[in-house]
Amino acid sequence: SGVTIQYNYSGDICGCSVWSTDWHCEGLVLYSLSDVDYRWNYISECPSSGGFVKNSSSTSSNVRIYGNIFRDGYAVNCNTGSCPSWRIFNNTFATDGGSVGGDGARIDWYVYNNILFNQHASAMPGIHGYNLFIQPTTNSCSMNAGPGENVTTRMPNNCDLIIDVSDPFINSSGDMPEDFR
């Protein structure tokens with residue numbers, strides 16, 4: 001416990017998109033570790049189950065993920081076990097995958113003040129608000145918008161409407177170097 005992971009770059013982990021139970025391309029896999037600060041990292045091209053992944057039947061609690069850039073792939077996943085009291089804030093998710101998800105027990109999560117660019121719009125876990133959704137690739141039918149989010153809930157067709165804004169970044173096209181200021 002009491003671990004800080006910061007100032008790292010991980011990119012092109014597998015060299016291609018991998019969606020197989022036999023291959024895994026995660027940037028970081030967490031097993032049974034609590035009281036973690038994962039901050040100020042650049043995670044690019046983690047096409048499997050995520051850039052930051054919790055995999056094990058045990059509990060990893062009090063994880064704080066903030067100030068990171070996640071690009072191309074699924075970003076943060078609690079895949080198995082219990083993930084209580086995670087805080088995910090002030091990140092940029094510029095990815096065509098999802099930002100936050102997984103099949104594990106996501107208990108007492110707070111997801112606040114993130115930028116979510118060019119990704120699948122889906123329901124955010126836990127308590128969330130003040131997240132900005134930009135150029136989503138799909139709309140969600142049950143996002144349950146939080147305070148300060150650019151989402152109008154429950155349109156007549158029971159799907160949510162994301163009030164789109166233009167690309168706010170200097171260069172998000174994928175040309176190197178990307179600039180997400």
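Trainee: What makes Cys 78 and Cys 83 a disulfide?

Mentor: This is a predicted model, and the call rests on distance. The sulfur atoms of Cys 78 and Cys 83 are 2.0 Å apart. The cut-off is within 2.5 Å. The pair therefore qualifies as a disulfide. The structure holds 1 disulfide.

Trainee: What is the handedness of the link of Cys 78 and Cys 83?

Mentor: Right-handed, with 90° about the S-S bond.

Trainee: Why is Cys 78 called buried?

Mentor: Its relative accessible area is 0%. Buried means under 20%, so Cys 78 is buried. Cys 83 also has 0% relative accessibility and therefore counts as buried.

Trainee: Which strand does S9 pair with, and in what sense?

Mentor: Strand S9, residues 76-78, pairs with S12 in the parallel sense. How do we know they pair? At least two bridges are required, and S9 and S12 have 2 bridges, so they count as paired. Val 76 stands opposite Val 100 in S12.

Trainee: What is the order of the open sheet of 4 strands?

Mentor: S3-S6-S9-S12, with parallel pairing. What makes S3 and S12 edge strands? Each pairs on one side only. Strand S3 covers 28-30, and strand S12 covers 100-101.

Trainee: What holds strands of a sheet together in general?

Mentor: Strands pair through backbone hydrogen bonds, either parallel or antiparallel.

Trainee: How do you know that S4 and S7 pair?

Mentor: Count the bridges. S4 and strand S7, residues 63-66, have 4 bridges in the parallel sense. The requirement is at least two, so S4 and S7 are paired. Arg 39 has Tyr 66 in S7 as its bridge partner.

Trainee: Which strand pairs with S7 over 3 bridges?

Mentor: Strand S10, residues 87-89, in the parallel sense. Arg 64 stands opposite Arg 87 in S10.

Trainee: Is Asp 37 buried or exposed?

Mentor: Asp 37 is found in strand S4, residues 36-39. Its relative accessible area is 15%. That is under 20%, so Asp 37 is buried.

Trainee: Which residues is Asp 37 in contact with, leaving aside its neighbours within four places in sequence?

Mentor: Val 3, Thr 4, Ile 5, Arg 64 and Tyr 66. Contact here needs heavy atoms within 4.5 Å.

Trainee: Why does Leu 132 count as partly exposed?

Mentor: Leu 132 has 31% relative accessibility. Buried would need under 20%, and exposed over 50%. The value falls in between, so Leu 132 is partly exposed. The residue sits in strand S16, residues 132-134. The C-alpha atoms of Leu 132 and Phe 117 are separated by 8.1 Å, with the two residues 15 apart along the chain.

Trainee: How many cavities of 30 Å³ or more does a search of the whole structure find?

Mentor: It finds 3 cavities. The largest cavity has a volume of about 40 Å³. What makes it a cavity rather than a pocket? A 1.4 Å probe fits but cannot get out.

Trainee: Which residues lie nearest the centre of the largest cavity?

Mentor: Phe 70, Arg 71, Asp 72, Gly 73 and Tyr 74, out of 11 lining residues. Strand S5 (42-46) and strand S8 (69-73) each supply at least two residues of the lining. The largest share, 4 residues, comes from S8.

Trainee: What is the lining of the largest cavity by class?

Mentor: The lining has 5 nonpolar, 3 polar and 3 charged residues.

Notes
Residues numbered from 1 in each chain as written. Predicted model: local features only at pLDDT ≥ 70, side-chain atom pairs only at ≥ 80, totals over all residues. Heavy atoms only, no water. Buried < 20%, exposed > 50% of the residue type's maximum accessible area, 1.4 Å probe, protein only. 1 Å grid on protein atoms, 1.4 Å probe; cavity = no way out; pocket = protein on both sides within 12 Å on 5 of 7 lines; lining within 4 Å. Points joined across faces, edges and corners; volume = space filled by probe spheres on them. Nonpolar A, V, L, I, M, F, W, Y, C, P; charged D, E, K, R; others polar.
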